[in-house]
Amino acid sequence: MMFGEHYIAEKWDARDCMGGFRVYNPANRKQIGLAPCAGEYEINEAVGAAEEAFTKWSKWSWVKRAEVIDDLVQLVKAHFEEIAVLITQESGKHINEARADVTEGIHMLQYCVGRGRQAIGEKIPSEFSEKESEIFLQSKGVFVVITPWNFPFAIPTWLIGPSLVSGNTVIFKPSEETPFSGEYLIRLFDKAAKKHNAPPGILNLIHGNGEIGKHLVCHPRVVGLLFTGSYAVGKKIKKIAAESDEKFAICEMGGKNSLIVLKDANLNLALNAAILSAYKTTHQRCVSADLIIVEEKIEKEFTKKFLDLTDRMVFGDPFDSKVFAGPLINETAVINHHFYRKKVIEEGIELLRGDLRDDNFTNFVKPNVFRLHYRDGFDFDSHVFKEEAFTPNIAIIIVRDFEEALKTANSTPYGLSMSLITEDWRKMREFKTLAKAGLKYINLPTIGAEVQLPFGGIRRSGTGMPSAAGLFDYMCYKTAFTVNYGKEINLAQGLSSEVKK
Ligand code: UN1
């Protein structure tokens, strides 16, 4: 049994663990630990610590701040396998994917270290020789970072890394499903921070449920709301920020992602892209493809081969090297998986493959695959286009041409990831310009983003302020700083201080 602890101003504290929440292994539903649930006291302590640390940390040089992260990278590398095993135990992710999660975290932290030595701000010429102006990047303050269970290690690094290197301080609340992977990252960070004598409180950890997340987000002295999770929660966070005079929200929310396969596609490549997009992480990535849109000329052949592969797909023991992916995260996800299938069938949509069990005794499911024809006229209000199941529910959509395909892909209210499989470079360009998504791929799956690119969506998927490398653009206020080295005041636009009688 593991017991979680809060971490505030460099002190570990488990005082509320008995009133906390249980953590389960999704592969066998056995309890593996207990984590404490924070209350008002911990929230205020953490905000106070982060606020106090900010006055010192924001004055540290970018290089010095990045050096703390550099030590963190070394520590993560030294504990690589231990972290991967922990991720698999509490998220159910296949061990290979858990290793990929840690690798992605390392890459992000390495990127943050590099950013510490890059140019900050800009010199801007003044109209007057005596004046010198610059764009000064001013750290913003205390940030809350709330992250999901599906990438319990990498996503926290995407948000915490840029926040800290840019001089902000953080209160981190990991998902209740995966508190220990988040806590492990902070235990390593603690060592790195102490080695550099960083001010206590630059990074704090608070365990808790959505209610605690809400209190943190609403706290009047918290400025940045960095969230990755569902659209329903993200929408509330955006509202809270909109009603505040100081807060800003950067939310990465769900997806309803499309993989478009045109008739000239390399079919093997298309199938590989489809399998990866649909089934990696048992479809529990926000970038997983829900819609596979195929031109009718090749649809029969594509669907036959896709279903053959689907039939061989095994979601099983995540430590078994022979299975493709692991279980769903919990019982609620299993119930949602079956509910989604029923809803889509009720709409009269064809079911090609289905997980027809009615029980939810385990978290292991089989994929549901549906098929629709564009010509039959769509109800874009259908579950297939609007609701994100976050479980392996795939709709194959038959279209006549690229225009119908793009129209279908753009019809969902989301806009995270989209792929086009084609050899036609003119259509590639058209796709690049018109696809409504924050991540666009040609001849690749909808998954597999690299951290040195911006990662984020538009519309229901995000705030248009991407995270990973892209987050650095929003971490500081872009302020104008001007010094007059002259003995008089010269102002632009011909302004004068001369007082006439
Ligand atoms: C997510 O889908 O929740 O692009 C994150 C990918 C990963 C990150 C996915 N690098 O597939």
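Modeller: We shall discuss aromatic pairs, charges over rings, helices, cysteines and backbone angles in turn. Please keep in mind that this is a predicted model.

Colleague: Let us begin with the rings. How many aromatic pairs are there?

Modeller: Two aromatic rings count as a pair if their centres lie within 6.5 Å. By this rule the model has 11 aromatic pairs. One of them joins Y279 and F306: the ring centres are 5.8 Å apart and the planes meet at 15 degrees, so this pair is stacked, as planes under 30 degrees apart are.

Colleague: Where in the chain do Y279 and F306 lie?

Modeller: Y279 belongs to helix α9 (residues 267-279) and F306 to helix α10 (residues 296-312), so that the pair links distant parts of the chain, 27 residues apart. Y279 is buried, with a relative accessibility of 0%, and F306 is likewise buried at 0%.

Colleague: What is the arrangement of the rings of Y279 and F315?

Modeller: For Y279 and F315 the centres are 6.1 Å apart and the planes stand at 65 degrees, so the pair is edge-to-face. F315 lies in the loop between α10 and α11 (331-346) and Y279 in helix α9, so this pair ties together parts that are 36 residues apart in sequence. Both Y279 and F315 are buried. Together, Y279, F302, F306 and F315 make up one aromatic cluster.

Colleague: Which ring does the charged end of R187 sit over?

Modeller: For this feature, one looks for a charged end above the face of a ring. The charged end of R187 sits over the ring of W12, 3.7 Å from the ring centre. K280 lies over the face of F324, at 4.4 Å from the ring centre.

Colleague: I turn now to helices. Which residues of α8 are buried?

Modeller: An α-helix has 3.6 residues a turn, so residues three or four places apart point the same way. Helix α8 (residues 231-242) has 12 residues and spans 16 Å from first C-alpha to last, close to the 16 Å expected at 1.5 Å a residue. Its buried residues are Y231, G234, I237 and A241. These cover an arc of only 120 degrees around the axis, which puts them on the same side of α8. The face turned away from that buried side carries the exposed residues K236 and K239.

Colleague: What do the buried residues of α8 pack against?

Modeller: They pack against α7 (210-218), β11 (224-228) and β12 (248-252).

Colleague: And which elements cover the buried residues of α4?

Modeller: Helix α4 (residues 95-115) has 21 residues and reaches 30 Å from its first C-alpha to its last, close to the expected 30 Å. Its buried residues include I95, E97, D101, L109 and C112. Among the elements that cover the buried residues of α4 are α2 (62-78), α3 (80-91), α5 (154-165) and β21 (467-468).

Colleague: How many disulfides does the structure hold?

Modeller: Two cysteine sulfur atoms must be within 2.5 Å to count as a disulfide. The structure holds 0 disulfides. For C218, the nearest cysteine sulfur is that of C251, 13 Å away. C218 is partly exposed, at 36% relative accessibility. The sulfur of C476 is 13 Å from the closest cysteine sulfur, in C112, which is too far for a bond. C476 counts as buried at 10% relative accessibility.

Colleague: Finally, what is the phi of R29, and where does R29 lie?

Modeller: Most residues other than glycine have a negative phi. R29, however, has a positive phi of about 60 degrees although it is not a glycine. R29 lies in the loop between β4 (21-25) and β5 (30-35), and is partly exposed with a relative accessible area of 26%.

Colleague: Is A468, which also has a positive phi, buried or exposed?

Modeller: A468 has a phi of about 55 degrees although it is not a glycine. A468 is found in strand β21 and is buried, with a relative accessible area of 1%.

Colleague: Which residues are in contact with M465, apart from its neighbours within four places in sequence?

Modeller: Those residues are A249, I250, E252 and Y474. M465 is placed in the loop between β20 (454-455) and β21, and is partly exposed at 22% relative accessible area.

Definitions and conventions
Residues numbered from 1 in each chain as written. Predicted model: local features only at pLDDT ≥ 70, side-chain atom pairs only at ≥ 80, totals over all residues. Heavy atoms only, no water. Phe/Tyr/Trp six-rings, centres within 6.5 Å; stacked < 30°, edge-to-face > 60°. Helix = DSSP H or I, 4+ residues; strand = E, 2+ residues; numbered from the N terminus. Buried < 20%, exposed > 50% of the residue type's maximum accessible area, 1.4 Å probe, protein only. Lys NZ or Arg CZ within 6 Å of the ring centre and 35° of its normal. Expected span 1.5 Å × (residues − 1). Arc of directions from axis to C-beta. Contact = heavy atoms within 4.5 Å.
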